[in-house]
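Hi there,

Here is the structure I promised to pass on. Have a look at it first, and then read on for what turned up.

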Amino acid sequence: MHIAEGFLPPFWAIFWWLTSLPFIIYGVWKTGKIFKKHPEYKLTLAVSGAFIFVLSSLKLPSVTGSSSHPTGTGLAAVLFGPGVTALLSFIVLIFQALLLAHGGITTLGADVFSMGIVGPFTAYLLFRALRALKASLNISVFIAAVISDWITYVVTSLQLALAYPAANGILGSFTIFLGVFAIAQIPLAVAEGILIVIFFDYLKKSRPKLAAKLLGKLK
Amino acid sequence: MEKLTLDQLTYSSRFLSWPPLGKLLLALALLFGSLFADSIIVPLLVLMIGMILLYSSNRFNFPRVIIWAYLNTLLALFIGVFIITLITPGTVIWQMRLSIITLSLSKEGISLASLVFIRAIAGFAVLMFFASSTPLPHLFIALQQLKVPKHVSELTILVYRYFFLFIEQLGSMIQAAECRLGFRDIKAKFRTYGVIVASVFGRSMDFAERAEQALYCRNFRGEFPVYRKPAKLTARWIIIPCIIFAALIVINLKAGKFLTI
């Protein structure tokens, strides 16, 4: 859920930029460290970034009649960890803002915070917790993807509510923004969860070696 | 008719020779000038400047996919602006109670929503000007002048390049699936999309492995050399955006509070 260019007042635009910056800097440091040790990972990571971008251009059907796209950042967080995902999301969100008008430059901080930091961190922690509780891979992936998507929408609603409080306060506008997004986003998050489960299932059948390599990392 | 690609668009722009960082500063000056304004005059002015730049850059000639993406975003923008109109407190014109929520249409709400809408449209025009006149690899190479770590700019350029390779593969797979009635109902749609995503992922990993081997065969040592560097940022390109930003702030102060409808 991108916040469009010009939508946030200056204070909130700067506030979210400053909030996201430490995570992006951590991602830059972390990838720098990885590349120093394994320069060949540059290509793997670049390919993964491009894959997230491609994933975000897929139109998923929704029960409300509308369609939307998966974020793909949950998948990246599960595969590469939340630090690297923050940087990859930042790069992909710049492309989406410039090439597709999804998001903007002044609202990039807010978009990175909801979609590149909170969403992936939630997905990563949930996935790890569920695997530790011996939940099956399919259930862990599905729950992590769906909940991280919902958390992303909750954060976006909060960002908009803080910027535009209603007569009865921030809670009033938060309820309205969340209510409007819920109509489309609750089924869409479930759709993305199903898609990612099918993705892992097919990968296990069609590319057992690659799946085993990834699943080994995901234990 | 041959389809126009984004690279063709940016490399045929009249402003290609302008320094990418200069264009970025100009875009930021316009975006922030518009953002800091509480008068609708400033975003309108930025919209006009953006449209003139856009027309001069490539005569409003854009790839169809970008036009669709912008129209899609415009729809979402309408919903957001509509909500702002309904929740902003002020002198009430119309009101409706919905259990715990009260929806009211106020004069201030309409003014604020108009301001946000024009600001967003102006932002679109400025971003479109920037994206259509600057090859993105140029921008990220130029960012190294600002001490952005080299591995970040390299990673960004590689993501950009691979994206176009994968989107082509994705297009072919979707077309093949359509021919086999892969999208005939909701269940089939999900299965097909899941299979396509996994296939693109598998192929992309194979591709990364092949590209890595090919690079090592060519004596790759972890860095990609750049042979045709874009124009460097000069003092003129710092001064002009600063003047534009200051001018927009002054216009905002002279114009007073935002337009009341």
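How many residues of chain B are in contact with chain A, and how many of chain A with chain B? The contact takes in 75 residues of chain B and 69 residues of chain A. Please keep in mind that this is a predicted model.

**Where the chains meet**

Together the two chains bury about 6400 Å², and carbon and sulfur atoms give 83% of that area. On the chain B side, the residues that lose the most area to chain A are B:Leu155, B:Phe190 and B:Phe201, which together make up 11% of what that side buries. Salt bridges between chain B and chain A come to 0, while 4 residue pairs are in polar contact, with both residues at pLDDT 80 or more.

Several elements of chain B give two or more residues to this side, among them helix H2 (20-35), helix H4 (64-87), strand E2 (101-106) and helix H7 (150-179). Helix H8 of chain B supplies the largest share, with 23 residues. By residue type, the chain B side divides into 56 nonpolar, 11 polar and 8 charged residues.

**A residue to look up in helix H8**

While you have helix H8 of chain B on screen, find B:Thr192, which lies in that helix. Is B:Thr192 buried or exposed? Its relative accessibility is 11%, so B:Thr192 counts as buried, the cut-off being under 20%. Leaving aside residues up to four places away in sequence, B:Thr192 touches B:Ala177, B:Gly182 and B:Phe183.

**Chain A on its own**

Chain A has 8 helices and 2 strands, and along the sequence they follow the pattern α-α-β-β-α-α-α-α-α-α. Of its 219 residues, 63% count as buried. Among the contacts in chain A with a separation of 6 or more, 71% are between residues 24 or more positions apart.

The mean pLDDT of chain A is 82, and 89% of its residues reach 70 or more. Where pLDDT is low, predicted coordinates should not be read in detail.

Best wishes

Methods
Residues are numbered from 1 along each chain as its sequence is written. Chains are lettered from A and ligands numbered from 1 in the order in which they are written. This is a predicted model: local features need pLDDT of at least 70, side-chain atom pairs count only at pLDDT 80 or more; totals for chains, interfaces and linings use all residues. Side-chain values use heavy atoms; hydrogens and water are left out. Contact means heavy atoms within 4.5 Å. Buried area is the accessible area (1.4 Å probe) that two parts lose on being put together, summed over both. A salt bridge is a side-chain nitrogen of Lys or Arg within 4 Å of a carboxyl oxygen of Asp or Glu. A polar contact is a pair of N or O atoms within 3.5 Å; within protein, one must be able to donate a hydrogen and the other to accept it, and residues adjacent in sequence count only if both atoms are side-chain atoms. Helices (H or I, at least four residues) and strands (E, at least two) are DSSP runs, numbered from the N terminus. Ala, Val, Leu, Ile, Met, Phe, Trp, Tyr, Cys and Pro count as nonpolar, Asp, Glu, Lys and Arg as charged, and the others, Gly among them, as polar. Buried means under 20% relative accessible area, exposed over 50%, partly exposed in between (1.4 Å probe, protein chains only). pLDDT is the predictor's confidence in each residue, from 0 to 100.
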